[in-house]
Amino acid sequence: MMSSEKRSDPRLRAALDAFIEFRVADMDIWRRAGTELDLTTNGMMVLAYVLRQHSLGEVVRQVDICNALRLSAAGASTIIDVLEERELVRREPFAGDRRALSVVPTLQGSKVEETVRIADDRFFELADSVTPAELDAFVRILDGMRVHGLSQFRSER
């Protein structure tokens, strides 16, 4: 439990407020982008993941989507079905395993990549303006939030 003294530290309050404001703005961006394509936020996240990995030359399988975005197999499959219906991705045979399929962006899906790239470019631009130590601290805080969130969620099950 955190002491009330730390909770009243203006720097920590400002950091928490900035973090919350970022989360709200980030979700709004994904929600607005998804609305244009008639996709849920999770649908946009899956599409963005496929686009990012594909741009790096990576093959994306459904299991990769499940692991990266913490989705169930059924949930990921449903989202991929919707993305296929909207002609944003297609499933293709996965080399080396006849039973597995890879998820590949279509030409239409690749057009969405510009939105993802703009967000990524802005992140890299901002990250380039801080020192390596500040960037390490940023990653450490986010990792701590992620690990705490996952352990909190698991303990409630």
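Me: Which element is included in what covers the buried residues of α2?

Reply: This is a predicted model, and what follows should be read with that in mind. In helix α2, the buried residues are Trp 30, Ala 33 and Gly 34. What covers these buried residues includes a helix made of residues 41–55, and that helix is α3.

Me: How far apart are the end C-alpha atoms of helix α2?

Reply: Helix α2 covers residues 10–37, which makes 28 residues, and at 1.5 Å a residue these should span 40 Å.

Me: Which residue meets Arg 13 in a salt bridge?

Reply: Arg 13 has a relative accessibility of 37% and therefore counts as partly exposed. An α-helix has 3.6 residues a turn, so residues three or four places apart point the same way. The side chain that meets Arg 13, at 3.9 Å from N to O, is that of Asp 17.

Me: Is Asp 64 buried or exposed?

Reply: Asp 64 lies in helix α4, which runs over residues 62–69, and a polar atom of the Asp 64 side chain lies 2.8 Å from the backbone nitrogen of Arg 61. Leaving aside residues up to four places away in sequence, Asp 64 touches Tyr 49 and Val 59. The cut-off for this label is under 20% relative accessible area, and because Asp 64 has 18% relative accessibility, it counts as buried.

Me: Which element gives the largest share of the largest nonpolar core?

Reply: The largest nonpolar core has 23 residues, and those that touch the most other members are Val 46, Leu 47, Val 50, Ile 65, Leu 83 and Val 89. The elements that give two or more residues to this core are α2, α3, α4 and α5. The largest share, seven residues, comes from α3.

Me: Which residues are linked with Asp 81 in a network of salt bridges?

Reply: The structure holds eight salt bridges. In one of them, the closest N and O atoms of Glu 84 and Arg 91 are 2.6 Å apart. Glu 84 is partly exposed, with a relative accessible area of 28%, and Arg 91 is partly exposed as well, with 23%. The residues linked with Asp 81 in the network are Glu 84 and Arg 91.

Me: What is the phi of Glu 87 near?

Reply: Most residues other than glycine have a negative phi. Glu 87 is found in the loop between α5 and β1, and at 54% relative accessibility it counts as exposed. Its phi is a positive value in a residue other than glycine, near 60 degrees.

Me: Where does Thr 106 lie?

Reply: Thr 106 counts as buried, because its relative accessibility is 13%. Apart from residues up to four places away in sequence, Thr 106 touches Glu 87, Leu 88, Val 89 and Arg 90. Its place in the chain is the loop between β2 and α6.

Me: How wide an arc do the buried residues Glu 113, Val 116 and Ala 127 cover around the axis of α7?

Reply: Helix α7 has 15 residues and reaches 21 Å from its first C-alpha to its last, close to the 21 Å expected. In α7, the residues Glu 113, Val 116 and Ala 127 are buried. They lie on the same side of α7, because around the axis they cover an arc of only 65 degrees.

Conventions:
Residues numbered from 1 in each chain as written. Predicted model: local features only at pLDDT ≥ 70, side-chain atom pairs only at ≥ 80, totals over all residues. Heavy atoms only, no water. Helix = DSSP H or I, 4+ residues; strand = E, 2+ residues; numbered from the N terminus. Buried < 20%, exposed > 50% of the residue type's maximum accessible area, 1.4 Å probe, protein only. Polar contact = N/O pair within 3.5 Å; in protein donor to acceptor, adjacent residues only side chain to side chain. Contact = heavy atoms within 4.5 Å. Expected span 1.5 Å × (residues − 1). Arc of directions from axis to C-beta. Salt bridge = Lys/Arg side-chain N within 4 Å of Asp/Glu carboxyl O. Core = buried A, V, L, I, M, F, W, Y, C linked by side-chain atoms within 4.5 Å.
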